[in-house]
Amino acid sequence: MDPNQTFFSSIQLMNYTVPPWDRIQFYNVCIDQPQKLISDGIWANNHAFPSKSTFTMLELQILVIFMITQSFHFLLKPMGFPYFVSQVMAGFLLGPSIPTGPFEIYKKMLFPFGTADILNTISSFGYIFFIFLNAVQMDFTLITKTGKKAWVIALLSLFTPIIVGTILMTTFSPLWNHLVGAEESYALPVVVISHSGCSFAVIASLLNDLKILNSELGRLALSSAFLNDISGSVVAGLGTSIMNGVKNHVAFSLVVRNVVLFFVYLVAIPLIGRRVMRWMIRNTPEGRPVNKIYIYMIVIMFLLLGHLAGNFNQPFLAGAVILGIAVPEGPPLGSELVYRLELFSSWFLVPIFVTSCTMKVDLTNCEPPKLVVVIICFIAMVHLIKILQCVGICRLCNMPTRDGFCLALILSCKGVVEICSFTLVYDGMRQTPQAIGVMVVSVLIMGTVSRIGVKALYDPSRKYAGYQKRNIMSLKNTSELRVVACVHKLNHMIHIKDFLQVCSPAPDNTLVVDVVHLLELIGRTTPVFIAHRLQQKLGSTNDYSGELIVTFDLFERDYAGSATANTYTAISPVSLMHEDVCHLALDKNAAIIILPFHIRWSEDGSIESVDNKIRSLNSKVLERAPCSIGILVNRGSYSAHHPRSYQVAVIFLGGPDDREALCLAKRFANNLDNRLVVYRLLAHNHDSTNWEHMIDDEELREVRGAYVKLENVTYEEKTIDDASQTTTFLRDIANKFDFIVVGRRNGLESPQTNGLENWTEYTELGVIGDLLASPDMETKASIFVVQQQQTT
């Protein structure tokens with residue numbers, strides 16, 4: 001390539017003799033001064049080259065990297081490959097790993113001598129912020145909360161491969177020296193140690209992509225990855241201090257000094273930094289964003305701490321990790337840091353950094369092949385030990401073998417952090433080009449296999465399969481009713497409490513309600529699930545959902561001996577909240593889950609707000625719930641002043657959902673102050689010999705008064721032949737009741753609703769529920785739509 005087409009005037013390789021393992025080349029490079037920053041443009045003159053302008057070249061490099069990365073991602077995403085694979089492939093294509101024939105000259109023109117390193121240096125700031133933000137999102141209290149199982153898995157998966165690898169390397173040292181040479185054999189310890197650990201950021205990203213972050217397996221994997229990462233970082237920092245001293249023939253006293261300073265650094269920063277940041281939070285008004293001055297102070301602080309780490313032989317990233325852990329995760333400070341820094345660092349600079357790192361890797365250089373084979377064997381050994389350990393430990397803990405294998409795959413996953421770490425090691429002259437090429441390819445393989453394997457083998461919803469009856473219809477009339485109620489906002493709490501009062505708790509009609517406050521996971525990686533009753537016993541100082549706790553404690557006191565209320569807070573990604581709800585319902589053996597509707601009405605009957613996140617959650621719970629579900633649509637404002645007596649109607653067309661709704665309404669009638677009216681809508685030509693019709697008749701016997709006449713229960717049959725009559729009937733009764741209970745009847749057709757299915761706006765409410773919740777229906781009644789447990 002002609003250097004005159006770049007901003008270099010000449011580039012000449014110097015013939016200096018250096019040891020082959022040093023990989024050092026000397027160049028004589030000349031640059032015209034002053035440098036041209038901005039191109040004159042292609043229309044300025046016939047000799048204008050964008051490559052002769054430094055800033056224009058930087059823009060072109062970034063643009064080409066993103067175009068190639070997105071092209072690879074477009075092709076690889078349908079096959080299940082993660083995004084970082086596309087970034088690495090872009091690096092291979094722009095580097096020496098994938099020869100491009102006649103296009104090589106353009107690659108050299110785009111990345112002339114040394115400019116790839118400049119791009120690498122600029123984007124490395126994004127990687128530093130990426131590591132810092134991932135540390136910010138870590139929940140450091142996991143160290144004290146995590147159970148023995150996660151500790152055992154984390155420590156054994158880290159240290160067992162290292163111990164076995166060290167034994168093999170020392171015992172058969174002459175063999176390795178003979179096969180690969182003395183210099184190349186120094187690469188083996190780095191291979192074993194780097195593949196034994198795992199990155200918390202990579203594992204959290206994998207679990208989030210697979211939507212199993214707050215599943216049972218996901219929580220165990222996240223805890224194990226956190227402990228593995230923290231333990232590995234401490235050991236690596238200690239080893240760095242010692243090995244650098246030994247390598248540079250530093251006095252023993254200086255090595256001891258570096259180790260002591262490292263531990264002081266490790267302890268002092270979280271102790272002092274966390275206090276400072278707690279002060280920042282106290283000085284931030286509730287509901288207001290954190291002052292930008294505080295954000296700037298934290299950024300400057302971690303840059304200074306990174307610089308300080310170099311004084312005792314620690315990498316710059318050490319300061320970012322340790323200070324990031326000291327930041328209180330979640331809102332307001334942790335979430336504000338993530339909001340301010342994530343887009344520019346994680347989504348703009350980090351992909352460029354990954355690509356520029358892998359541009360240094362040369363996969364065409366596989367000599368000697370024995371070295372490549374030996375490294376592959378050591379990598380395979382490490383991951384085989386991990387798999388056997390995880391499966392064995394999980395079997396001892398009575399976990400399925402499949403789950404143990406999935407856990408091993410998750411902990412073996414590699415990604416962006418490992419790619420960048422390997423190339424940083426390569427830059428430090430601690431690895432050979434052949435070894436680094438094999439290690440980068442192993443990251444691609446393990447990152448892809450882990451993702452595809454876990455996705456194929458692990459289905460968190462299978463534990464919710466309805467082999468056991470968990471519905472109201474299967475309960476005796478005097479049996480305890482167990483309910484899980486979900487709250488997103490404060491107004492939901494009031495409506496849920498009113499509904500529980502309608503359930504008429506009494507000594508012979510006891511109610512156990514588990515109320516879970518669902519909050520979005522912001523500014524942290526680890527999902528949180530808090531049982532507030534247990535938290536109070538342990539004397540925890542965390543203050544979550546205070547008003548919720550007080551409200552339902554008062555509800556329990558009002559119905560002492562008849563109702564028990566337990567409160568929880570679940571903090572998780574919106575896309576995974578249904579896992580918390582379903583898991584709690586399964587654990588508490590609930591008969592029904594109560595979900596708030598996603599629309600809020602104002603006093604005048606108009607729509608005040610719509611939250612599609614709540615609607616998405618409701619749809620997922622309807623698909624996976626291990627018990628019956630009820631969606632509560634509140635259109636009135638009766639909560640504050642309404643007496644403890646309610647007018648309740650049941651619209652009964654037939655089918656399992658309507659029978660479940662009827663069984664729930666019967667419990668309302670246990671309170672003689674409540675009045676229950678059951679409307680059965682029958683077609684003129686209905687078939688009374690139909691099996692479903694006969695089951696409906698049997699369920700309606702009690703409200704008909706076949707056994708004993710109930711004073712507060714009225715039964716009426718209405719003959720309705722088409723949808724228009726159904727709509728008219730609903731309009732007539734809409735304002736006569738406080739509650740209207742209906743079945744969802746999803747997928748069931750009947751003459752009374754024929755044709756209305758095509759006009760249904762809210763499918764989660766069914767046809768009748770959708771009509772009652774329509775803005776065109778003038779009513780103040782609350783609608784409760786029931787879906788019976790889906791059995792398999």
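# Exercises on a predicted model

Between lysine 718 and glutamate 716 there is a salt bridge, with 3.5 Å between the closest N and O atoms. This is a predicted model, in which local features need pLDDT of at least 70 and side-chain atom pairs count only at pLDDT 80 or more, while totals for chains, interfaces and linings use all residues. Residues are numbered from 1 along each chain as its sequence is written, and side-chain values use heavy atoms, with hydrogens and water left out.

## Exercise 1: confidence and overall make-up

Task: state the mean pLDDT of the protein, and find the elements with the lowest and highest mean pLDDT.

Solution. 
- Step 1. pLDDT is the predictor's confidence in each residue, from 0 to 100. Its mean over the protein is 81, and 86% of the residues reach 70 or more.
- Step 2. Helices (H or I, at least four residues) and strands (E, at least two) are DSSP runs, numbered from the N terminus. The protein has 28 helices and 15 strands.
- Step 3. The lowest mean pLDDT among the elements, 56, belongs to helix α21 (residues 532-538), and the highest, 93, to strand β7 (residues 592-596). The pLDDT is below 50 over residues 537-542, a stretch with two contacts in the model beyond near neighbours in sequence (contact: heavy atoms within 4.5 Å).
- Step 4. Of the contacts between residues at least 6 apart in sequence, 79% join residues at least 24 apart.

## Exercise 2: salt bridges

Solution. 
- Step 1. The criterion is a side-chain nitrogen of Lys or Arg within 4 Å of a carboxyl oxygen of Asp or Glu.
- Step 2. Accessibility classes are buried (under 20% relative accessible area), exposed (over 50%) and partly exposed in between, with a 1.4 Å probe and protein chains only. Lysine 718 is partly exposed at 31%, and glutamate 716 is partly exposed at 28%.
- Step 3. Arginine 340 is partly exposed, with 36% relative accessibility, whereas glutamate 336 is buried at 11%.
- Step 4. Because glutamate 699 lies in helix α26 (residues 691-704) and lysine 666 in helix α25 (residues 656-668), the pair ties together parts that are 33 residues apart in sequence. Both glutamate 699 and lysine 666 are buried.

## Exercise 3: burial and a helix contact

Task: work out how far helix α17 is enclosed, and list the contacts of leucine 266 outside its sequence neighbourhood.

Solution. 
- Step 1. Buried residues are 52% of the 792 residues in the protein.
- Step 2. Helix α17 (residues 401-411) is largely enclosed by the rest of the structure because eight of its eleven residues are buried. Among the buried residues of α17 are Asp403, Gly404 and Cys406.
- Step 3. Leucine 266 sits in helix α12 (residues 252-282) and is partly exposed at 24% relative accessibility. Leaving aside neighbours within four places in sequence, leucine 266 is in contact with Val234 and Ile322. Leucine 266 and isoleucine 322 are 56 residues apart in sequence, with a C-alpha to C-alpha distance of 6.8 Å.

## Exercise 4: cavities and positive phi

Task: count the cavities of 30 Å³ or more, then locate serine 504 and arginine 745 relative to the cavity linings.

Solution. 
- Step 1. A cavity is a set of points, on a 1 Å grid over the protein atoms alone, where a 1.4 Å probe fits but cannot get out; lining residues have an atom within 4 Å of a point. There are two cavities of 30 Å³ or more.
- Step 2. The largest cavity holds about 50 Å³. Its lining is Gly743, Arg744, Arg745, Leu748, Thr753, Val767 and Ile768.
- Step 3. Arginine 745 lies in the loop between β14 (739-743) and α28 (766-773) and is buried at 11%. Its phi is near 55 degrees, a positive value in a residue other than glycine.
- Step 4. The second largest cavity holds about 40 Å³, and its lining residues include Leu481, Ser504 and Arg667.
- Step 5. Serine 504 is in the loop between α20 (490-502) and β4 (511-520) and is buried at 6%. The phi of serine 504 is positive, near 60 degrees, in a residue other than glycine.

Definitions and conventions: On a 1 Å grid over the protein atoms alone, a cavity is a set of points where a 1.4 Å probe fits but cannot get out, and a pocket is an open set with protein on both sides within 12 Å along at least five of seven lines; lining residues have an atom within 4 Å of a point. Grid points are joined across faces, edges and corners, and a volume is the space filled by probe spheres set on the points.
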